[in-house]
Amino acid sequence: YKCVVENSMEEFDQWLDSSIHKYGHTAFNFVGAASSSVQYAGPTLQSAGLRSVERGDCKFGCVTIPERHTKKGNEDENMIRKSEFGAEWFITQGIFAAGPLVTMLNSYGDKCKQRGMVPKKVVLTFAPCGRAKTMTFIKWLGMHVPEEVQQRILTAENPVKESMDVLCEILKEVLLHTGGSGVPLGINVESLSIFKEEIDGAHELFQKLQAILLNSTGSPWSVRWFYVSRPLRRAESIDETHAADALVKALAQVEAHKHAEEAAKQSTTVARCPSSCSTSCVLAATVLVALSFVAGRYSTK
């Protein structure tokens with residue numbers, strides 16, 4: 001995330017140079033001014049977005065807030081306006097209610113259809129919560145938590161697990177009521193505290209939400225993990241980063257081709273997980289998720 005209005009355009013450019021060439025980052029979430037009534041030293045969100053497009057060495061997305069659409073009814077227009085100056089995706093704040101999100105996604109999808117536009121992906125953010133202190137922080141950050149949801153979580157015998165159940169139910173409801181919107185969706189899970197149970201819950205929650213989202217496609221899928229024995233470190237240069245990305249893409253293409261050949265021979269092949277768990281994995285896969293340490297960089301594709 002980068003708030004673009006704090007510094008001059010020159011300083012913004014310097015920040016991009018450092019982020020891209022020193023640290024290997026090429027995707028950013030840009031945030032604009034908190035209030036339109038305040039004068040800031042830096043560029044507007046639109047100016048910063050256009051500058052990144054002009055550079056051509058990075059991509060950016062923007063934040064979208066479903067509750068803002070409920071209040072003002074124009075978040076769909078904001079999303080279209082931001083995509084017109086280069087936003088490639090949108091990411092929500094933490095979601096604890098399905099209704100506002102369903103309304104916003106359907107409105108955005110309808111507007112895009114009316115204007116002959118392809119909707120950008122909307123990444124849905126979820127965060128497990130297991131303590132009143134974390135809930136207070138969540139609400140301080142501006143996330144909308146209905147009172148009944150808060151009470152259900154905090155009065156449960158296991159609040160973290162209950163919050164995970166609530167968030168899985170919300171995603172299922174969103175998918176049920178936005179299937180015809182045409183808006184592609186992604187998943188983001190955040191841990192908002194140093195509370196171990198919430199941190200562990202974030203990992204488990206992502207796996208659950210990922211399965212719900214992939215199951216909604218109606219096609220077989222599998223998740224395959226690749227471990228390469230190298231220490232975790234950042235790429236030292238942008239060339240190394242590009243090389244890592246190219247290797248991961250090549251790996252994914254090889255695996256996809258192999259799976260296509262297997263699927264052609266046998267309509268559905270079922271095999272046990274290599275960890276000898278009791279779960280059966282359908283390997284006539286249409287989805288490949290690879291986790292690799294390639295060229296010394298942690299990469300997910």
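Helix 4 crosses helix 5 in a right-handed sense; a crossing is right-handed if the near helix is turned clockwise from the far one by less than a right angle, and left-handed if anticlockwise. Helices here are DSSP runs (H or I, at least four residues), numbered from the N terminus. On the helix 4 side, the contact (heavy atoms within 4.5 Å) is formed by Glu75, Asp76, Glu77, Met79 and Ile80, and on the helix 5 side by Met104, Ser107, Tyr108, Lys111 and Cys112. These residues comprise five nonpolar, one polar and four charged, where Ala, Val, Leu, Ile, Met, Phe, Trp, Tyr, Cys and Pro count as nonpolar, Asp, Glu, Lys and Arg as charged, and the others, Gly among them, as polar.

The model is predicted: local features need pLDDT of at least 70 and side-chain atom pairs pLDDT 80 or more, while totals for chains, interfaces and linings use all residues. Residues are numbered from 1 along each chain as its sequence is written, and side-chain values use heavy atoms, without hydrogens and water.

The axes of helix 4 (residues 75–84) and helix 5 (residues 98–114) come within 8 Å and cross at roughly 55 degrees. Axes are lines fitted to C-alpha atoms, for helices over the stretch in contact, and angles run from 0 to 180 degrees between N-to-C directions. The two helices, helix 4 and helix 5, are therefore oblique (under 35 degrees is roughly parallel, over 145 roughly antiparallel, 65 to 115 roughly perpendicular, the rest oblique).

Helix 1 (residues 9–22) packs on helix 2 (residues 45–55) at about 50 degrees, with the axes 11 Å apart, which makes helix 1 oblique to helix 2. Helix 1 passes helix 2 in a right-handed crossing.
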